[in-house]
Amino acid sequence: MKIEQEAPFAIQVEMTEGCNLFCRFCGIHGIRSSAGDYKFMSFEVAHNLAVQILRSGWKCRIEFAMHGEPTLNPKYNDIISIFRYHLPNHQLMMLTNGVGLFPMPKVKVNRLFYAGLNVLGIDAYNHNPYWKKIIRKVPGKFYPGEAKSPHARVRPGTREVIYLQDITEAKSGGHSVLNNHCGCATPPLVESMVSRCAKPFREMSIRWDGKIAICCNDWRGHYFCGDINLFSIEEIWNNKAFQIARKMLYNRDREFIPCKWCDAKSYRVGLLPDKMGKQELPKATGKEKKWLSKHAKVDRTLAEVIKRKWEK
């Protein structure tokens with residue numbers, strides 16, 4: 001039985017694959033050996049995605065982040081403008097380390113808001129050479145832990161700068177939790193967790209080229225779910241790849257790649273698969289598990305694989 005999954009809470013948009021910083025706790029090490037060789041989302045992909053979201057009728061939050069620094073994309077303002085033009089009432093949020101805001105950070109932050117951004121979250125990593133300079137020049141508020149989440153819903157027209165506490169120092173809330181990024185950041189699990197995961201029920205992660213993996217924690221893209229250049233986001237969101245994965249994760253079965261390696265925990269997992277937790281999903285059949293084992297591959301990825309020391 002196929003159950004149509006309700007619209008995601010958020011769509012993550014990867015403006016850039018690759019980052020100028022190489023934080024020790026980040027999965028970037030599993031797809032990049034050094035800074036550079038960035039992959040940028042094009043106008044065509046951004047326009048296609050924005051139009052598809054409009055046609056879907058989804059009222060989800062748009063988050064510019066994922067597997068790289070969005071402000072490295074030389075056209076980041078124009079891409080935000082594309083989404084604001086097509087989605088005038090959607091919440092647009094960006095997470096950044098601030099590299100692209102220099103020089104003239106105050107001017108560039110104002111340009112972001114003029115382009116249509118609602119919330120700018122700046123990660124205050126201790127080794128980040130940018131954020132302390134930004135905080136002196138751009139009005140905003142510093143929020144330790146989860147006192148103020150950049151993911152929180154805001155009213156239309158909101159313009160807010162949030163300085164997040166260093167993730168290595170946060171003691172509470174989601175911002176304080178580090179996970180292994182399916183083995184790209186720290187070693188993968190030897191035995192899979194027996195727990196639900198909410199990500200493929202609540203989030204859809206669009207990579208720079210329009211391809212989609214199961215979630216943002218699948219840095220390398222082992223579990224391919226679709227391509228917005230070939231199918232609509234509505235078709236992809238309810239296709240076979242997502243449907244079988246949801247059955248597995250709803251029933252606390254993570255025995256497939258990359259979820260078997262992942263140590264990420266989700267919140268409010270009792271409210272699945274719908275936001276009220278009223279529906280139920282059956283266990284995946286033997287035939288579905290066999291299909292899944294062939295679909296999710298160690299050696300087939302959407303990003304380059306840089307082997308970590310525990311993989312050599």
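Reader: Before anything else, what do buried, exposed and partly exposed mean here?
Author: Buried means under 20% relative accessible area, exposed means over 50%, and partly exposed is in between. This is a predicted model.

Reader: OK. Take E311, then: buried, exposed or partly exposed?
Author: E311 has a relative accessible area of 31%, so it counts as partly exposed.

Reader: Where does E311 lie?
Author: In the segment that follows α8, which covers 286-295.

Reader: And what does E311 touch?
Author: R220 and I306, if residues up to four places away in sequence are not counted. There is also a distance to G183: the two C-alpha atoms are 9.3 Å apart in space, while E311 and G183 are 128 residues apart in sequence.

Reader: Switching to helices. How do α1 and α2 pack?
Author: Helix α1, residues 43-56, packs against helix α2, residues 76-86, at an angle of about 20°, and their axes are 9 Å apart. Angles under 35 degrees count as roughly parallel, so α1 is roughly parallel to α2.

Reader: Which hand does the crossing have?
Author: α1 passes α2 in a right-handed crossing.

Reader: Which residues meet there?
Author: From α1, F43, A46, H47, L49, A50, V51, I53 and L54; from α2, D78, I79, I82, F83 and H86. By type, the residues of this contact are 10 nonpolar, two polar and one charged.

Reader: And α2 with α3, how do their axes cross?
Author: At roughly 25°, with the axes of α2 and helix α3, residues 105-115, coming within 8 Å. That angle makes α2 roughly parallel to α3.

Reader: Who makes that contact?
Author: Y76, N77, I80, S81 and R84 on the α2 side, and K108, R111, L112 and A115 on the α3 side. Here the residues of the contact divide into four nonpolar, two polar and three charged.

Reader: What about the largest nonpolar core, how many residues has it?
Author: It has 66 residues, and I11, I62, F64 and F83 have the most contacts inside it. Helix α7, residues 240-250, gives the most to this core, with seven residues.

Reader: F83 again. What is it in contact with?
Author: Leaving aside neighbours within four places in sequence, F83 is in contact with V13, A46, L49, A50, I53, I62, F64 and L92. A second, separate core has 12 residues, among them C19, I28, I31 and Y125.

Reader: Now the backbone. Which residues does a cis peptide bond join?
Author: One joins F102 and P103, with omega about -5°. P103 lies in the loop between β5, 92-96, and α3. Another joins I257 and P258, with omega about 0°, and P258 is in the loop between α7 and α8.

Reader: What is the phi of M66?
Author: About 80°, a positive value although M66 is not a glycine. M66 lies in the loop between β4, 61-64, and α2.

Reader: Is M66 buried or exposed?
Author: Its relative accessible area is 15%. Buried means under 20%, so M66 is buried.

Reader: And M104, what is its phi near?
Author: Phi of M104 is near 60°, again positive in a residue other than glycine. M104 sits in the loop between β5 and α3. With a relative accessible area of 47%, M104 is partly exposed.

Note on methods: Residues are numbered from 1 along each chain as its sequence is written. This is a predicted model: local features need pLDDT of at least 70, side-chain atom pairs count only at pLDDT 80 or more; totals for chains, interfaces and linings use all residues. Side-chain values use heavy atoms; hydrogens and water are left out. Axes are lines fitted to C-alpha atoms, for helices over the stretch in contact, and angles run from 0 to 180 degrees between N-to-C directions. Helices (H or I, at least four residues) and strands (E, at least two) are DSSP runs, numbered from the N terminus. Angles under 35 degrees count as roughly parallel, over 145 as roughly antiparallel, 65 to 115 as roughly perpendicular and the rest as oblique. A crossing is left-handed if the near helix is turned anticlockwise from the far one by less than a right angle, and right-handed if clockwise. Contact means heavy atoms within 4.5 Å. Ala, Val, Leu, Ile, Met, Phe, Trp, Tyr, Cys and Pro count as nonpolar, Asp, Glu, Lys and Arg as charged, and the others, Gly among them, as polar. A nonpolar core is a set of buried Ala, Val, Leu, Ile, Met, Phe, Trp, Tyr and Cys residues joined through side-chain atoms within 4.5 Å. Buried means under 20% relative accessible area, exposed over 50%, partly exposed in between (1.4 Å probe, protein chains only).
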